Amino acid sequence: MRFLLVHPAFLGDTVFLGPAVRALKARWPGCEVGLVVSPRDEAVARQMPGIDEVFVFDKRRSDAGLRGILRLGARVRAFAPDVALVSHASARSGAVGWL
């Protein structure tokens, strides 16, 4: 089972995803967890226990607009998540989870 957590917003909120990642790993041992974060959250995401893949989404610069969302969608599809969980309530984050 592969999970994708989409949260390209605030650093503190990214840190608070730690318990959710631990809960997923406890419930589904052997699952893989990918995390979509903003560039400023990348270092923290890469240090989080249980994160198998980090996708950096620079929604303000290099990934701005529809093309950026589609590029991220292609990278996420290569990860092939079974479930996408969007913890940041925005249309852009929802689109990433849907893709």
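These questions and answers walk through the strands, helices, salt bridges and surface of a predicted model.

In this predicted model, local features need pLDDT of at least 70 and side-chain atom pairs count only at pLDDT 80 or more, while totals for chains, interfaces and linings use all residues. Residues are numbered from 1 along each chain as its sequence is written, and side-chain values use heavy atoms, with hydrogens and water left out.

Me: What pattern does the protein chain follow along the sequence?
Reply: Helices (H or I, at least four residues) and strands (E, at least two) are DSSP runs, numbered from the N terminus. The protein chain has five helices and four strands. Read along the sequence, the pattern is β-α-α-β-α-β-α-β-α.

Me: In which order do the four strands stand in the sheet?
Reply: Two strands pair if DSSP finds at least two bridges between them. The four strands form an open sheet, and the pairing is parallel. The order is E3-E2-E1-E4.

Me: Which strands stand at the edges?
Reply: Look for a strand with a single partner strand. One side of such a strand is left without a neighbour in the sheet, because it has that single partner. The edge strands are E3 and E4 (83-86).

Me: What is the average twist from one strand to the next?
Reply: Axes are lines fitted to C-alpha atoms, for helices over the stretch in contact, and angles run from 0 to 180 degrees between N-to-C directions. From one strand to the next, the twist averages 20°.

Me: How many bridges pair E1 and E2?
Reply: Strand E1 covers residues 2-6, and strand E2 covers residues 32-37. Leu-5 has Leu-35 in E2 as its bridge partner. E1 and E2 pair in the parallel sense, and the number of bridges is five.

Me: Which residue is the bridge partner of Val-6 in E4?
Reply: E1 pairs with E4 in the parallel sense, over four bridges. In E4, the partner of Val-6 is Val-86.

Me: Which residue in E3 stands opposite Val-37?
Reply: E2 pairs with E3 (residues 53-56) over four bridges, in the parallel sense. Opposite Val-37 stands Val-56.

Me: How many of the six residues of E2 are buried?
Reply: Buried means under 20% relative accessible area, exposed over 50%, partly exposed in between (1.4 Å probe, protein chains only). Of the 99 residues of the protein chain, 38% count as buried. E2 is largely enclosed by the rest of the structure, because its buried residues number five.

Me: Which residue forms a salt bridge with Glu-32?
Reply: A salt bridge is a side-chain nitrogen of Lys or Arg within 4 Å of a carboxyl oxygen of Asp or Glu. The structure holds four. For Glu-32, the closest N and O atoms are 3.3 Å apart, and the partner is Arg-2.

Me: How far apart in sequence are the parts that Glu-32 and Arg-2 tie together?
Reply: Glu-32 is partly exposed at 30% relative accessibility, and Arg-2 is partly exposed at 25%. Glu-32 lies in strand E2 and Arg-2 in strand E1. The pair therefore ties together parts separated in sequence by 30 residues.

Me: Which side chain meets Asp-52 in a salt bridge?
Reply: Asp-52 is partly exposed, with a relative accessible area of 41%. The N to O distance in its salt bridge is 2.8 Å, and the side chain it meets belongs to Lys-25.

Me: In which helix do Arg-46 and Glu-42 both lie?
Reply: Arg-46 and Glu-42 form a salt bridge, with the closest N and O atoms 2.9 Å apart. The two residues are four residues apart, about one turn of the helix. That helix is H3.

Me: Is Phe-16 buried or exposed?
Reply: Phe-16 lies in the loop between helix H1 (11-15) and helix H2 (18-27). Its relative accessibility is 65%, so Phe-16 counts as exposed.
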